[in-house]
Amino acid sequence: MTFDLNKHVARLLMDEPFFASLSRRVDKKAGAIPTAGVRVNPDTAQFEMLYNPEFFAGLTDKERAGVLKHEFYHLIFEHVTGRMPEAVKNNPALAKKWNFATDLAINSHLVGQLPEGCLMPGEGPFEELPKGKSAEWYWANLPED
């Protein structure tokens, strides 16, 4: 049986209608990506969420909703558009650092809703970083390694 993301998106939208308008504007496509991610599609200039069906299939319903909210928050907070530092756009190393910073900012608001191993301020390699800061704050304060 193939994983159907649509039923999980629909469940999230019934539980949290705030995300409904945005979700309708995001193309969702299964792809060869480890987990999930959002971007502006370079060919269509539309928001696109790429996701790994096997990753999603292994999550609990709570974790699936958390990951969906996480990806939608990247768009809401303009992490892939207006707030992305110019230096990040053509530098893969800086793009990874920006993604870490934005993940830390978002995940501060999704404590207990995400799969184990997600980037979380105050935990693991980020134990020295406080929760609740902006992506720009984390960007400026991430450890170099």
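**Entry 1: E48 and its partners**

I looked up E48 and found a salt bridge to R39, with the closest N and O atoms 2.6 Å apart. By salt bridge I mean a side-chain nitrogen of Lys or Arg within 4 Å of a carboxyl oxygen of Asp or Glu. The model is predicted: local features need pLDDT of at least 70, side-chain atom pairs count only at pLDDT 80 or more, and totals for chains, interfaces and linings use all residues. Residues are numbered from 1 along each chain as its sequence is written, and side-chain values use heavy atoms, with hydrogens and water left out.

I then noted a salt bridge between the side chains of E48 and K29, at 3.1 Å from N to O. This pair links distant parts of the chain, since E48 sits in strand β3 (residues 47–51) and K29 in strand β1 (residues 26–30), 19 residues apart. Helices (H or I, at least four residues) and strands (E, at least two) are DSSP runs, numbered from the N terminus.

Is E48 buried or exposed? I recorded E48 as buried, because its relative accessibility is 2%. The cut-offs are under 20% relative accessible area for buried and over 50% for exposed, with partly exposed in between (1.4 Å probe, protein chains only). K29 is partly exposed at 37%, and R39 is partly exposed at 35%.

**Entry 2: Other salt bridges**

I counted seven salt bridges in the structure. In one of them the side chains of E136 and R83 meet at 2.5 Å, N to O. E136 belongs to helix α6 (residues 135–141) and R83 to the loop between α4 (61–76) and α5 (92–107), so the pair ties together parts that are 53 residues apart in sequence. Both ends are partly exposed: E136 has a relative accessible area of 31%, and R83 one of 29%. I also noted that salt bridges with shared partners join R11, D61 and R64 into one network.

**Entry 3: E16**

I located E16 in the loop between α1 (5–15) and α2 (20–23). E16 is partly exposed, with a relative accessible area of 29%. Its C-alpha atom is separated by 23 Å from that of N52, 36 residues away along the chain.

**Entry 4: The whole chain**

I read the chain as six helices and three strands, in the order α-α-β-β-β-α-α-α-α. The C-alpha trace spans about 45 × 35 × 30 Å along its principal axes. Of the 145 residues, 40% count as buried. Among contacts (heavy atoms within 4.5 Å) between residues at least 6 apart in sequence, 48% join residues at least 24 apart.
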